[in-house]
Amino acid sequence: MTVNSTRVDTLGDVLPTFVEPGFILYTGAGISIPPPTCAPSWWTLTEEILTAFFEKIPDDWGMPKDLIIHDPDLQPELIFENFANIFDERLYKIFKALNVGEPNANHVLIAKLAKAGVLKAAFTTNFDVYIERALAAEGVGFDLVIKNDEYDAYFERLKANGSPPRFVLFKIHGTIDRPETIVSVASAYKSAKGFSAPKAQVLDFMLAKYPVLFLGYSGWDFEHVNYRLFWDSVGARLKAIYWNRRPGEQGGPKLGEIFESCKGKFQFTESELPQGLYAAAESISQVQPSLLNVSLPGPGSEKYWNQVKAERQKYMSRWASEIPEGETLAAVITEGNNFSARFKESHKKIMTFSKKLVADLPPEEENRYKTEIDEAAEKLNKLEISREEYEAKIDKLNVDYQLAHVVLDVRERLRAILDQNRFPGVTDDNTKRLKFISKIMAIMERFDIEKAGEIAVDILKRDEEAVNKGGIEGEAGLTINTVYQALVAPDDDRWKAFYSRAVAAKEQYVAGTITREKFMAEIQASLESGKMDQFGFSIPTEKLLRQLVESVASAPNLGDFTERVEALYITVQTSLGWICSIMFKLPEYTTLQTSIANPAALHPKPPVDVAAYQAEMAGLAAQLTANKITNDEYQKKIAELSKQLQEAFAQPALPTGPVDVPREILDAFDAKVREFFGPAFKRENDFTGAEVSEAEVLLEMLVFTCWISMTRFVEVSSGTSYRTQTNEGKYPRVLGNASIVAYIKEKWAGWIEKALSSLPKRFGQRLCSMLVQFSEMSGDLALCKRVTARSLEYSEGRVVEITPAEIPLSLASWLEDSGDTTGAFPYFQLALQGLRSSFPSYYGDVTVYRTASILAGQGNKQEALRVIGKFHPAFRGPKIPFEMPARVKALDLAGKIATELGYPDAKTAIDAIMG
């Protein structure tokens, strides 16, 4: 099916064909936009809410001055979802602002079609009550179905009657008359209130009985997993879909993919609302007599817009002013920077930079370079080449190796700069070429390659000058050069202010007016402030985080305290990068890292008394001269002293096995983490004492989350294991240090169980991500199974947008590696669901490859090709933003299977199998 069909009818062409046996509607915000309703579109509503919220933010909170609220790359549903995580049902009260207008012609025409018996039911994602008011005005009796239990009960009536006994209005996302029923999008953590199984079975029944007309609906909800799976399954049963668009309307969701299973049953119509709907109703005899009192928008209707908008904004301003400080801080910390134009631009650059510049080096190429280096060393040892030839060979290999990690077109341009000796004294100096490449690569995302080359040479010159000066001035100069390299940018007016701050600190340090510690602190502050400015981060996150903790500590009662802890928990979960960046600076964390990576460094050797060795050697020489010892005795004792001296200077060997971290180091780090949230812990004791509250569980899970995030990769072998598994096309489970794992289990085992059994979904699902990571670190398969089951329970057995990326893939991979492919396969299939979402998992390549591999291993080769064809981005799958080696391996597997099945290539095979 192609949804861009050349055949486009009007509502007047198709509506008369619905008279027998009737039809159903599926409506969105567009039907409530025309006056006198004057309801906002989703985007306008989002802008108005955000504007009302951001206008109340104090200036010293650092809200970006370049706010762009309406971003075509960001769906309003996603914005609502992010704010709903923080505000919860408080957000849904804002939708009462939609009840300030009057029903328009669309609502009235819907009521008249229902009264005539032509329209059997309407499904709407709207929260407003204009359809209900129009139905009441027309005297139409109707059923209203909103909650899941109401859908279940109504489905039983449908099965008993075979059709709706009278007109029925299904409100999928709730209604402003009952704020507790409202859910912003179908992928919400409250998926049971979104497009749930009870709602799906009712819609399925109605679609099989009646054609459906979509009016004023964008369709963006259908990008989410719950809907994608629904349309995949219902296509063969539904009657027909007619999707009305405004004339000339373009863009929107990928309807061709969404309705792929509905081939031959989907058709666009084009009509303006409400004029097109009125014209269509005029051609239906049952409706014609009642159309005389329908008022279409005409001249002068503009007056309604300002009046309704003013009423709506008054309500929104009042709503925003009543949001507590804790939730306000949480929203600013987690979402504020996302609306900065500079942040959006820098984010795009970051996302595209590695693809434009960095290339992965295949393992065989890595090994080739190592082999050539070893061969050169062997030739030098055998005197087959001179020291100069050896060094020239190594220099060339190092340059080639560095360039091999750069994408081809950039590599060729860098190679040309070197070969043409574009910068004499640098590009022809073997000792400087590597440094030149390193520096030019560090700044190429900010400048074109020619300008980057000039700046790299300038930095090398600055480094040389600093080295020549030596002493404190030289040391400070080299430090300042790293600041220059990190901050230099085309926009002189911005970065130079931060660089000047660092230069001023250097001058004070060299003059002796500040200590080295103060100098380094100023350097770090200049770097952080400058990089934050470059990235568009204007919000002082650490300051606001601490303010949020203080807000929690100042809560006047248990109810307020719990709400503020909830806001703090979501903020920490959403802003873990910020939290970790604060704690990475802690000396206690550095000690923890060092205790694993280089334990001997915690117990440095005493300084070597070289003079004593020299004196002893001189004494031996005197004894030899005086013939008091023989030459053999002298040589033997000198050799012993030399060996002792070498051992005294030798660096301690790095650990090769498990390292036991001392308890006092773990306790010291834990105390520092808790110190950050200390005021909140203290206030919690004031309220509950020995009683365990939700707030106490959340606070403990805050500390647990920080521990997992900051110790996940401290184990020396973890990074190597991660890379090995990734290169093999597998899901990369993380190893953990045994002593850290034991410490975490001792402190949080009971809290973990309390959290899994008692926390609401909006918190529990986020926690599941950390718990799966901990199950990997601890090698606890039982915990992984428990957490996976709980996470899927939160989302009604499906993988949706808010399902953690590790679920259920970690468990599937674990079972497969243990030889239980039968047990693993259903979890791999579940993981495939996540690739149908609007935010595919970054482990998507692994999911596709491993699922297809199991199918192929079971002999189900056609199904393996179907999986690759449906989910791999090289064929019909979504574009997964993070490319992993499994993507190439899946292509290789598809080619191999295609050959075995007698096809010339994978594409031909997949096209033949999938049709």
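User: Where does Arg 712 lie?

Analyst: This is a predicted model. In it, Arg 712 sits in the loop between helix 31 (694–711) and helix 32 (718–727).

User: How do you know that Arg 712 has no salt bridge?

Analyst: The nearest side chain of opposite charge is that of Glu 776, 4.2 Å away. A salt bridge needs the nitrogen and the carboxyl oxygen within 4 Å. So Arg 712 is left without a salt bridge, although it is buried.

User: What does the side chain of Arg 712 make with Gln 773?

Analyst: A polar contact, side chain to side chain, at 3.5 Å. The cut-off for that label is within 3.5 Å. Leaving aside neighbours within four places in sequence, the residues in contact with Arg 712 include Val 734, Leu 735, Met 777 and Tyr 843.

User: Why is the pair Glu 48 and Arg 312 called a salt bridge?

Analyst: Their side chains meet at 2.7 Å, N to O. The limit is 4 Å, so the pair qualifies. Glu 48 belongs to helix 2 (residues 42–54) and Arg 312 to helix 12 (residues 302–321), 264 residues apart.

User: Are Glu 48 and Arg 312 buried or exposed?

Analyst: Buried means under 20% relative accessible area. Glu 48 has 8%, so Glu 48 is buried. Arg 312 has 4%, so Arg 312 is buried too.

User: What makes Arg 157 and Asp 143 a link between parts of the chain?

Analyst: Their side chains form a salt bridge at 3.5 Å, N to O. Arg 157 is in helix 7 (residues 148–161) and Asp 143 is in strand 3, so the pair ties together parts 14 residues apart in sequence. Asp 143 is buried at 12%. Arg 157, at 35%, is partly exposed.

User: What makes strand 3 (143–145) an edge strand?

Analyst: Seven strands form an open sheet, in the order 3-4-2-1-5-6-7, with parallel pairing. Strand 3 pairs on one side only, as does strand 7 (266–270). Neighbouring strands are turned by 20° against each other on average, direction ignored.

User: How do you know that strand 3 and strand 4 pair?

Analyst: Pairing takes at least two bridges. Strand 3 and strand 4 (residues 168–171) have three, in the parallel sense, so they pair. Val 145 stands opposite Phe 170 in strand 4.

User: What is the peptide bond from Glu 20 to Pro 21 called?

Analyst: Cis, with omega near 5°. Pro 21 is in the loop between helix 1 (11–14) and strand 1. The bond from Leu 273 to Pro 274 is also cis, with omega near 5°. Most peptide bonds are trans.

Terms used. Residues are numbered from 1 along each chain as its sequence is written. This is a predicted model: local features need pLDDT of at least 70, side-chain atom pairs count only at pLDDT 80 or more; totals for chains, interfaces and linings use all residues. Side-chain values use heavy atoms; hydrogens and water are left out. Helices (H or I, at least four residues) and strands (E, at least two) are DSSP runs, numbered from the N terminus. Axes are lines fitted to C-alpha atoms, for helices over the stretch in contact, and angles run from 0 to 180 degrees between N-to-C directions. Buried means under 20% relative accessible area, exposed over 50%, partly exposed in between (1.4 Å probe, protein chains only). Lys and Arg count as positive and Asp and Glu as negative; His and the chain ends are not counted. A polar contact is a pair of N or O atoms within 3.5 Å; within protein, one must be able to donate a hydrogen and the other to accept it, and residues adjacent in sequence count only if both atoms are side-chain atoms. Contact means heavy atoms within 4.5 Å.
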